[in-house]
Amino acid sequence: MEREDRVETLSEAECLRLLSTVPVGRVVYTEHALPAVLPVSFEVLDGRLVLAVRRGSATARGLDGTVVAFQADLLDPVTRTGWSVLVHGRADMLTDPEQIRRVLRSGLRPWVGDPEPLFVGLVPELVSGRRLFPTGPGALGHQTRRPSDAGRMDAGQVGAGRMDAGRTGAGQVGLGSMDAGPVNTGFPFGS
């Protein structure tokens, strides 16, 4: 499979379905004339996104009545697979008491707790998404390790080299071969 064949463009329906499988995404809005990006709890209700924010927060003020972007994903850095969805649309505070009761019953709450959350409705106007499929072993031409492994030394490792397990004499440790293979923490989604 060619590298380009690994990326699938998703339909709007599949994007919304995938969004309903994760509890947190990132909302992009303007704060003090600069872009701001924050994680928010959300859910998909009746074809629109409902974001939970803290009452009185800068996020709540920055979202109401504005055009925003929202992004969520589920990525596996080990297999280099996953999906990412981007939604653009107008954000407005929910004010209908029945809608608010329905969202409260669903259990949606801000990522940073708040006993009286505000809910923001985001009607998707532009929706795009991509899914990245796996390839066969060695298809990318290098070994892959978890990003958390980068820069971490295992027991018995010194600098970039791994120490041999066998001792050469009383208290002496022999140095072995280098732990070869680049660490790759990127996720090739393309543009």
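Start by selecting Arg101 and Glu98, which sit 3 residues apart in helix α3 and are therefore separated by about one helical turn. Their side chains meet in a salt bridge at 3.3 Å, N to O. The term salt bridge here stands for a side-chain nitrogen of Lys or Arg within 4 Å of a carboxyl oxygen of Asp or Glu. Helices (H or I, at least four residues) and strands (E, at least two) are DSSP runs, numbered from the N terminus. Colour the pair by accessibility and you will find Arg101 partly exposed at 43% and Glu98 partly exposed at 41%. The cut-offs for relative accessible area are under 20% for buried, over 50% for exposed, and partly exposed in between (1.4 Å probe, protein chains only).

A quick note before moving on: this is a predicted model, where local features need pLDDT of at least 70 and side-chain atom pairs count only at pLDDT 80 or more, while totals for chains, interfaces and linings use all residues. Residues are numbered from 1 along each chain as its sequence is written, and side-chain values use heavy atoms, with hydrogens and water left out.

Asp46 is exposed at 65% relative accessibility, whereas Arg102 is partly exposed at 37%.

Next, select Asp73 and Arg26, another salt bridge, with the closest N and O atoms 2.8 Å apart. Asp73 lies in strand β5 (residues 66–76) and Arg26 in strand β2 (residues 24–31), so the pair ties together parts that are 47 residues apart in sequence. Both ends are partly exposed: Asp73 at 23% and Arg26 at 28%. The whole structure holds 9 salt bridges.

**A buried arginine**

Now go to Arg6, in the segment before β1 (7–9). Is Arg6 buried or exposed? At 1% relative accessibility, Arg6 is buried. Display its polar contacts, meaning pairs of N or O atoms within 3.5 Å; within protein, one must be able to donate a hydrogen and the other to accept it, and residues adjacent in sequence count only if both atoms are side-chain atoms. The Arg6 side chain reaches the backbone oxygen of Phe133 at 2.7 Å and the backbone oxygen of Arg80 at 2.9 Å.

**Into the core**

Select Leu19, Leu51, Leu63 and Phe70: within the largest nonpolar core, of 27 residues, these touch the most other members. Such a core is a set of buried Ala, Val, Leu, Ile, Met, Phe, Trp, Tyr and Cys residues joined through side-chain atoms within 4.5 Å. Its largest share, 5 residues, comes from β6. Centre on Leu19 and show its contacts (heavy atoms within 4.5 Å). Beyond neighbours within four places in sequence, Leu19 is in contact with residues including Phe42, Phe70, Trp83 and Val87. A second, separate core has 7 residues, among them Leu45, Ala52, Val103 and Phe119.

**Last stop**

Finish at Thr59 in helix α2, a buried residue at 11%. Its side chain makes a polar contact of 3.3 Å with the side chain of Tyr29. Not counting residues up to four places away in sequence, Thr59 touches Tyr29, Leu38 and Val53.
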